[in-house]
Amino acid sequence: MPRQAAAAIGFASNGSTRSLIRPPADLNALEKAEFIAVVMGSPPSHFLPADIATISLHARHVVGERIAYGELQAAPIVDGKPSPWLAIMLAHARIVTTTARRLNINPAGRVPTKSNEAHEPVPYGAFAFESRHADDDADRN
């Protein structure tokens, strides 16, 4: 049997990297479920083992945001002030947004960014330039 390159070990013949992406042992049951949902909800070759830490961070903060949201719903006002859970929920939501963008699992990540259509170049003279102020036009005449 020919030698296999170290980079190819653990990769499926179809290019899938899912067999290498496993939730770390330090995640709780809810976080592991979120981790798995993120991995399984993406194309098979979307993540690499180097992404495990970022996926874990994302999963922790998704669960944290859900918990904070539940606490906020239970008691939105505490001693006449907004619940301290509001700030916690917003902090988690901010991190979830950032990690989703970095993992390319947000809606923008599912839309192709470049069009395959060729665009005709527009000649420079085709643009009509307008003055910012009507007064400038009047002063020139």
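Analyst: Helix H1 covers residues 29-40, a helix being a DSSP run of H or I of at least four residues, numbered from the N terminus. This is a predicted model, in which local features need pLDDT of at least 70, side-chain atom pairs count only at pLDDT 80 or more, and totals for chains, interfaces and linings use all residues. Residues are numbered from 1 along each chain as its sequence is written, and side-chain values use heavy atoms, with hydrogens and water left out.

User: How do you know that the span of H1 agrees with its 12 residues?

Analyst: The expected span is 1.5 Å times one less than the number of residues; for H1 that should be 16 Å, and because its end C-alpha atoms are 16 Å apart, the two agree.

User: What makes the buried residues of H1 line one face?

Analyst: Seen down the axis of H1, they fall within an arc of 135°, so they line one face of the helix, the arc being that of the directions from the helix axis to the C-beta atoms. The buried residues are Glu31, Glu34, Phe35, Val38 and Val39, and they pack against H2, where contact means heavy atoms within 4.5 Å.

User: Why is Gly64 called buried?

Analyst: Buried means under 20% relative accessible area, exposed over 50% and partly exposed in between, with a 1.4 Å probe and protein chains only. Gly64 has a relative accessible area of 15% and is therefore buried. Gly64 is found in helix H2 (residues 52-74), and what covers the buried residues of H2 includes H1 and helix H3 (85-103).

Methods. Helices (H or I, at least four residues) and strands (E, at least two) are DSSP runs, numbered from the N terminus.
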